[in-house]
Amino acid sequence: MASTINLVELRGLRLDDQKAGTRRQRLYLALRQSILDGSLTSGSQLPSSRDLASQLSLGRNTVIGAYEQLKAEGYIQSHAGAGSFVANALPEFWQQAETELNKPLEPRKIDPSPGTEASNRNGSFCVGVPDLKSFPIKIWNRLSQQIPPAGLSNLMGFGPAEGNSELRNAVAAYVRASRSVNCSAKQVLITSGAQQALDLCCRLLLNKQDHAAMEDPGYQGMHRAMLGHGAKAIACPVDQDGIDVASLKALPKTPKLVYITPANQYPLGSVLPLSRKLELLEWAEQNNSWILEDDYDSEYHYQHRPLASLQGLDKTQNVIYMGSFSKTLFPGLRLGYLILPEVLVQKFSLAKNQASGETPSHTQAVTAAFINEGHFHRHLRRMRVLYSEKLALILDECASLPSWVDTQPRAAGLHIVIQFNKPNVDSVTLEKNIHQRLASAGILSSRLSEYYLEQPIKTGLVLGFANSSMEQISAGILCLKKILEN
Ligand SMILES: Cc1ncc(COP(=O)(O)O)c(C=O)c1O
């Protein structure tokens, strides 16, 4: 025989007036809490709605509503003509979950200097960040507001996963003219940053355990994408000319995909000569492998125009070309693109749709307007001059570093590499210590050894210079010099 919860037991039930919610919700919460903490035991009978309402000075409908909700959630059961009972078996995990939910939250650890993390990723000497202060933000803001109301309503609904047609046309025209890429706008897939493009390539072109080769040292973002899709990342050594195609050919198992940065090897900075490009294309054709050409910063060659793209030389549609607006505009835009061989267009567009749907339409429209009105070309022209001055300064300042530090000559890109050649020391530990000391002085470099997939052959630092002012460059290298001399 089930025990009956008498009204005296429920007198302690407090519907805290300070708590938000209706009376019904507060009664429901109070009863639920009493059931979960065991004050109302399993199987026992609850008072009738009429009795409880009068005991607690509530409307009867309020009590009925609370009982209904408890019943719907399985805390109580009711039997026709017999009344309502606390459920016999409350699933244990509910009780655990409830206990967890009721635990006070750990006090949040508040960063003493809000925004440090974000600013560190963009701060002095951070790699891969363009000069954010020099971006023509007023023009951008004007274009952002200029979309006509009719256009705006188009942009507010769902858009095509492969990208806004104006931006696809603008990108196709740009890469054809500036990089000799062979394509029509139909082959352009707009992505949310080049990182999404890398992810899609790994997802669609590789199966688990497939071999995929990349330059070593190389771009960690691609390494992570390969591993994330269960592929086996194969390290291909890099020499003064870029990826060593002979060692690629000598691999025991043919990789299905090869990722390269031919215009400006990342991070060491070599340019892949034409002879190697042709050798690579021939190899890809014979082995039915894909080549993913990452052209992440080819806009920034300061002494001559960059060599034409690999894609433009490809006759057999083995090359996928990738670009990003992160270095030419700003990384927070999260806008990249792929130029796909025709056979891959539909497959990638479907996968992009599944992955994220379209990249934000308004962002695409503003970028298309920025390109089509000529601002993109003007901005690049200005930035090339500015960055070549910054590069000259940082190389000049580095000439005063100790003789065991080798500054690699450069005429392209947004970073430099300094290599450590100190005899009789553990160079990785040395690199780590110097990196840490620089970080404590507020200078965020990257460690060269961390760009290697395998045992690092070189150690040193990668220093981004684009988002540092001239003064910050001089002061930063002076600080580095002091640390190195210690
Ligand atoms: C070599 C290389 N490829 C690709 C990317 C990815 O760019 P996004 O910011 O468009 O994802 C970067 C970004 O730093 C990069 O350095």
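Reply: Let's start with F135, which counts as buried because its relative accessibility is 7% (buried means under 20% relative accessible area, exposed over 50%, partly exposed in between, using a 1.4 Å probe and protein chains only). This is a predicted model, where local features need pLDDT of at least 70, side-chain atom pairs count only at pLDDT 80 or more, and totals for chains, interfaces and linings use all residues. Residues are numbered from 1 along each chain as its sequence is written, and side-chain values use heavy atoms, leaving out hydrogens and water.

Now the rings. Rings of Phe, Tyr and Trp (its six-membered ring) pair if their centres lie within 6.5 Å; planes under 30 degrees apart count as stacked, over 60 as edge-to-face and the rest as tilted. Searching the whole structure turns up 13 aromatic pairs. In one of them, F135 and F330 have ring centres 5.0 Å apart and planes at 75 degrees, so that pair is edge-to-face. F135 sits in the loop between α5 (116-122) and α6 (137-145), and F330 in the loop between β9 (319-324) and β10 (336-339), so the pair ties together parts 195 residues apart in sequence. (Helices are DSSP runs of H or I with at least four residues, strands runs of E with at least two, numbered from the N terminus.) Ring pairs also link F135, W140, F330 and F370 into a cluster.
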